[in-house]
Amino acid sequence: MTPSPTEQPPLSVEGLRFGWGQAPPALRDCRLEIPGPGLWMLVGSNGSGKSTLLRLIAGLLSPDAGRILCSCKPALVFQNPDHQLLLPSCGSDLQLALPEGLSSGERADRVAQALAQVGLAGLEQRPIHTLSGGQKQRLAIAGALASSATLLLLDEPTALLDPDSQAGVLDLIHRLCHRSSAPLTALWITHRLEELRRCDGAALMQAGRIGPWQSGESLLRNLAPLPAGSAER
(Lines give C-alpha, C1' and ligand atoms only; values in the text may rest on other atoms or scores of the structure.)
Protein backbone atom coordinates (compact mmCIF):
# COMPACT_ATOMS: atom_id res chain seq x y z
CA MET A 1 0.00 0.00 0.00
CA THR A 2 1.36 3.42 -0.94
CA PRO A 3 -0.18 6.84 -0.35
CA SER A 4 -1.24 9.02 -3.25
CA PRO A 5 1.14 11.86 -4.14
CA THR A 6 -1.03 14.36 -2.26
CA GLU A 7 -1.32 12.26 0.92
CA GLN A 8 1.11 12.44 3.78
CA PRO A 9 2.05 9.05 5.25
CA PRO A 10 0.54 8.47 8.72
CA LEU A 11 4.05 8.13 10.15
CA SER A 12 7.57 8.79 8.96
CA VAL A 13 10.70 8.33 11.09
CA GLU A 14 13.96 9.70 9.72
CA GLY A 15 17.45 9.08 11.08
CA LEU A 16 16.27 8.54 14.64
CA ARG A 17 18.91 8.07 17.32
CA PHE A 18 18.36 7.54 21.04
CA GLY A 19 20.53 6.27 23.88
CA TRP A 20 20.18 5.64 27.59
CA GLY A 21 23.09 7.40 29.31
CA GLN A 22 26.42 5.70 28.67
CA ALA A 23 24.85 2.53 27.27
CA PRO A 24 25.11 1.76 23.53
CA PRO A 25 22.39 3.57 21.54
CA ALA A 26 19.00 1.85 21.56
CA LEU A 27 18.23 3.37 18.14
CA ARG A 28 20.83 4.10 15.47
CA ASP A 29 19.80 5.93 12.30
CA CYS A 30 16.35 4.31 12.62
CA ARG A 31 14.09 4.86 9.60
CA LEU A 32 10.47 3.84 9.16
CA GLU A 33 7.55 4.91 7.01
CA ILE A 34 4.00 3.62 7.37
CA PRO A 35 2.47 4.20 3.94
CA GLY A 36 -1.19 4.22 4.91
CA PRO A 37 -3.88 2.93 7.27
CA GLY A 38 -3.68 -0.73 8.21
CA LEU A 39 -2.08 -3.11 10.68
CA TRP A 40 1.74 -2.95 10.56
CA MET A 41 3.90 -5.18 12.73
CA LEU A 42 7.47 -5.01 14.03
CA VAL A 43 9.28 -8.07 15.33
CA GLY A 44 12.65 -8.37 16.97
CA SER A 45 14.41 -9.80 19.98
CA ASN A 46 14.51 -8.05 23.35
CA GLY A 47 16.83 -5.06 23.28
CA SER A 48 16.32 -4.34 19.59
CA GLY A 49 14.72 -0.97 20.39
CA LYS A 50 11.06 -1.66 19.57
CA SER A 51 9.51 -0.37 22.79
CA THR A 52 11.83 2.63 22.83
CA LEU A 53 10.69 3.50 19.31
CA LEU A 54 7.02 3.45 20.34
CA ARG A 55 7.70 5.73 23.30
CA LEU A 56 9.52 8.19 21.05
CA ILE A 57 6.62 8.23 18.57
CA ALA A 58 4.15 8.72 21.44
CA GLY A 59 6.17 11.69 22.72
CA LEU A 60 7.14 10.08 26.03
CA LEU A 61 10.83 10.36 25.10
CA SER A 62 12.77 12.86 23.01
CA PRO A 63 15.24 11.64 20.35
CA ASP A 64 18.91 12.53 20.45
CA ALA A 65 18.84 13.03 16.68
CA GLY A 66 16.50 12.61 13.73
CA ARG A 67 12.85 13.49 13.44
CA ILE A 68 9.39 11.98 13.65
CA LEU A 69 6.70 13.21 11.24
CA CYS A 70 3.24 12.06 12.28
CA SER A 71 0.08 13.17 10.49
CA CYS A 72 -2.07 11.12 12.92
CA LYS A 73 -2.80 11.47 16.61
CA PRO A 74 -0.90 8.66 18.37
CA ALA A 75 -1.90 6.70 21.47
CA LEU A 76 0.23 4.08 23.20
CA VAL A 77 -1.33 0.83 24.44
CA PHE A 78 0.91 -0.99 26.91
CA GLN A 79 1.54 -4.70 27.22
CA ASN A 80 -0.02 -4.67 30.70
CA PRO A 81 -3.32 -2.74 30.75
CA ASP A 82 -3.10 -2.37 34.54
CA HIS A 83 -0.31 0.13 33.89
CA GLN A 84 -2.70 2.57 32.20
CA LEU A 85 -6.15 1.93 33.68
CA LEU A 86 -6.30 4.34 36.61
CA LEU A 87 -9.89 4.85 37.81
CA PRO A 88 -12.36 2.39 39.39
CA SER A 89 -14.94 1.95 36.62
CA CYS A 90 -14.80 1.56 32.85
CA GLY A 91 -16.70 4.78 32.19
CA SER A 92 -14.73 6.91 34.65
CA ASP A 93 -11.43 5.71 33.22
CA LEU A 94 -12.45 6.61 29.67
CA GLN A 95 -13.43 10.09 30.86
CA LEU A 96 -9.72 10.77 31.38
CA ALA A 97 -9.05 10.30 27.67
CA LEU A 98 -11.71 12.70 26.39
CA PRO A 99 -10.75 16.14 25.05
CA GLU A 100 -11.75 19.24 26.95
CA GLY A 101 -14.74 21.35 26.00
CA LEU A 102 -17.33 18.59 25.58
CA SER A 103 -20.72 18.81 27.23
CA SER A 104 -21.75 16.12 29.70
CA GLY A 105 -23.99 14.58 27.04
CA GLU A 106 -21.21 14.57 24.47
CA ARG A 107 -18.85 12.97 26.98
CA ALA A 108 -21.35 10.23 27.77
CA ASP A 109 -21.88 9.58 24.05
CA ARG A 110 -18.14 9.39 23.38
CA VAL A 111 -17.63 6.93 26.23
CA ALA A 112 -20.51 4.74 25.06
CA GLN A 113 -19.26 4.80 21.48
CA ALA A 114 -15.70 3.85 22.47
CA LEU A 115 -16.92 0.95 24.61
CA ALA A 116 -19.19 -0.30 21.82
CA GLN A 117 -16.32 -0.25 19.31
CA VAL A 118 -14.28 -2.67 21.44
CA GLY A 119 -17.12 -5.01 22.39
CA LEU A 120 -17.73 -3.62 25.89
CA ALA A 121 -21.04 -1.85 25.26
CA GLY A 122 -23.03 -1.02 28.39
CA LEU A 123 -20.15 -1.52 30.83
CA GLU A 124 -19.76 2.14 31.88
CA GLN A 125 -20.40 1.30 35.56
CA ARG A 126 -18.49 -2.00 35.57
CA PRO A 127 -15.60 -2.01 38.11
CA ILE A 128 -12.34 -2.49 36.26
CA HIS A 129 -11.06 -5.04 38.78
CA THR A 130 -13.86 -7.41 37.73
CA LEU A 131 -12.75 -7.48 34.07
CA SER A 132 -10.76 -10.29 32.52
CA GLY A 133 -7.31 -9.59 31.10
CA GLY A 134 -8.69 -9.46 27.58
CA GLN A 135 -11.46 -7.07 28.60
CA LYS A 136 -8.93 -4.81 30.30
CA GLN A 137 -6.85 -4.67 27.13
CA ARG A 138 -9.97 -3.83 25.14
CA LEU A 139 -10.71 -1.05 27.63
CA ALA A 140 -7.19 0.34 27.17
CA ILE A 141 -7.82 0.36 23.41
CA ALA A 142 -11.17 2.09 24.04
CA GLY A 143 -9.27 4.81 25.87
CA ALA A 144 -7.18 5.41 22.77
CA LEU A 145 -10.33 5.60 20.65
CA ALA A 146 -12.00 7.98 23.09
CA SER A 147 -9.00 10.31 22.80
CA SER A 148 -9.59 10.49 19.01
CA ALA A 149 -6.30 8.74 18.30
CA THR A 150 -5.88 7.57 14.72
CA LEU A 151 -2.47 5.89 15.19
CA LEU A 152 -2.45 3.05 17.73
CA LEU A 153 0.97 2.10 19.09
CA LEU A 154 0.59 -1.39 20.54
CA ASP A 155 3.48 -2.75 22.62
CA GLU A 156 2.97 -6.52 22.62
CA PRO A 157 -0.71 -6.12 23.53
CA THR A 158 -1.40 -9.88 23.63
CA ALA A 159 1.66 -10.98 25.63
CA LEU A 160 -0.18 -11.41 28.95
CA LEU A 161 -3.43 -12.83 27.55
CA ASP A 162 -4.82 -16.33 27.16
CA PRO A 163 -5.12 -17.69 23.58
CA ASP A 164 -8.80 -16.75 23.15
CA SER A 165 -8.18 -13.20 24.37
CA GLN A 166 -5.09 -12.92 22.17
CA ALA A 167 -7.17 -13.78 19.12
CA GLY A 168 -9.95 -11.42 20.18
CA VAL A 169 -7.66 -8.40 20.58
CA LEU A 170 -5.93 -9.11 17.27
CA ASP A 171 -9.30 -9.46 15.52
CA LEU A 172 -10.44 -6.16 17.07
CA ILE A 173 -7.41 -4.18 15.88
CA HIS A 174 -7.56 -5.78 12.43
CA ARG A 175 -11.22 -4.78 12.13
CA LEU A 176 -10.57 -1.19 13.25
CA CYS A 177 -7.76 -0.90 10.70
CA HIS A 178 -9.90 -2.22 7.84
CA ARG A 179 -13.30 -0.69 8.47
CA SER A 180 -14.83 1.06 5.48
CA SER A 181 -15.13 4.43 7.24
CA ALA A 182 -12.07 6.13 8.77
CA PRO A 183 -9.78 3.08 9.09
CA LEU A 184 -7.10 3.37 11.76
CA THR A 185 -3.36 2.90 11.49
CA ALA A 186 -1.74 0.53 13.98
CA LEU A 187 1.93 -0.17 14.67
CA TRP A 188 2.02 -3.46 16.60
CA ILE A 189 5.06 -4.98 18.31
CA THR A 190 4.95 -8.73 18.64
CA HIS A 191 6.95 -11.80 19.61
CA ARG A 192 4.11 -14.09 18.52
CA LEU A 193 5.13 -14.91 14.98
CA GLU A 194 1.75 -16.44 14.12
CA GLU A 195 0.27 -12.92 14.46
CA LEU A 196 2.20 -11.89 11.35
CA ARG A 197 -0.39 -13.69 9.22
CA ARG A 198 -2.93 -10.93 9.99
CA CYS A 199 -0.86 -7.83 9.20
CA ASP A 200 -0.65 -5.61 6.13
CA GLY A 201 3.11 -5.42 6.36
CA ALA A 202 5.87 -6.61 8.68
CA ALA A 203 9.46 -5.61 9.33
CA LEU A 204 12.33 -6.96 11.40
CA MET A 205 14.02 -4.67 13.91
CA GLN A 206 17.60 -5.43 14.89
CA ALA A 207 20.10 -3.39 16.90
CA GLY A 208 18.06 -0.21 16.64
CA ARG A 209 17.37 -0.35 12.91
CA ILE A 210 14.33 -1.50 10.95
CA GLY A 211 14.39 -3.58 7.78
CA PRO A 212 12.08 -3.12 4.79
CA TRP A 213 8.37 -3.88 4.86
CA GLN A 214 7.40 -7.27 3.53
CA SER A 215 4.39 -9.51 3.81
CA GLY A 216 3.85 -11.12 7.19
CA GLU A 217 3.96 -14.58 5.61
CA SER A 218 7.30 -13.79 3.94
CA LEU A 219 8.89 -12.58 7.17
CA LEU A 220 7.42 -15.53 9.07
CA ARG A 221 9.10 -18.01 6.71
CA ASN A 222 12.50 -16.42 7.33
CA LEU A 223 12.40 -16.08 11.12
CA ALA A 224 13.28 -18.58 13.79
CA PRO A 225 11.07 -18.48 16.91
CA LEU A 226 11.81 -15.38 18.98
CA PRO A 227 12.29 -15.42 22.76
CA ALA A 228 9.19 -14.66 24.79
CA GLY A 229 8.61 -10.95 25.37
CA SER A 230 9.68 -9.21 28.55
CA ALA A 231 10.35 -5.70 29.72
CA GLU A 232 12.44 -3.88 27.15
CA ARG A 233 13.83 -0.39 27.06
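**Exercise 1.** Identify the bridge partner of Trp-40 in E7.

*Solution.* In strand E7, Trp-40 has Leu-187 as its bridge partner. The model is predicted: local features need pLDDT of at least 70, side-chain atom pairs count only at pLDDT 80 or more, and totals for chains, interfaces and linings use all residues. Residues are numbered from 1 along each chain as its sequence is written, and side-chain values use heavy atoms, with hydrogens and water left out. Strands (E, at least two residues) and helices (H or I, at least four) are DSSP runs, numbered from the N terminus.

E3 pairs with E7 (residues 185-190) in the parallel sense over six bridges; two strands pair if DSSP finds at least two bridges between them. E3 also runs parallel to E8 (residues 201-206), joined to it by four bridges. In E8, Gly-201 stands opposite Trp-40.

**Exercise 2.** Determine how many residues of strand E3 (residues 38-43) are buried.

*Solution.* Buried means under 20% relative accessible area (1.4 Å probe, protein chains only). Six of the six residues of E3 are buried, so the strand is largely enclosed by the rest of the structure. Gly-38, Trp-40 and Leu-42 point one way, and Leu-39, Met-41 and Val-43 point the other way. In a regular strand the side chains alternate between the two faces of the sheet.

**Exercise 3.** Describe how the axes of helices H4 (residues 133-146) and H5 (residues 163-177) cross.

*Solution.* The axes, which are lines fitted to C-alpha atoms over the stretch in contact, with angles from 0 to 180 degrees between N-to-C directions, come within 9 Å and cross at roughly 20°. H4 is therefore roughly parallel to H5, a term for angles under 35 degrees.

Note on methods:
Parallel < 35°, antiparallel > 145°, perpendicular 65-115°, else oblique. Buried < 20%, exposed > 50% of the residue type's maximum accessible area, 1.4 Å probe, protein only.
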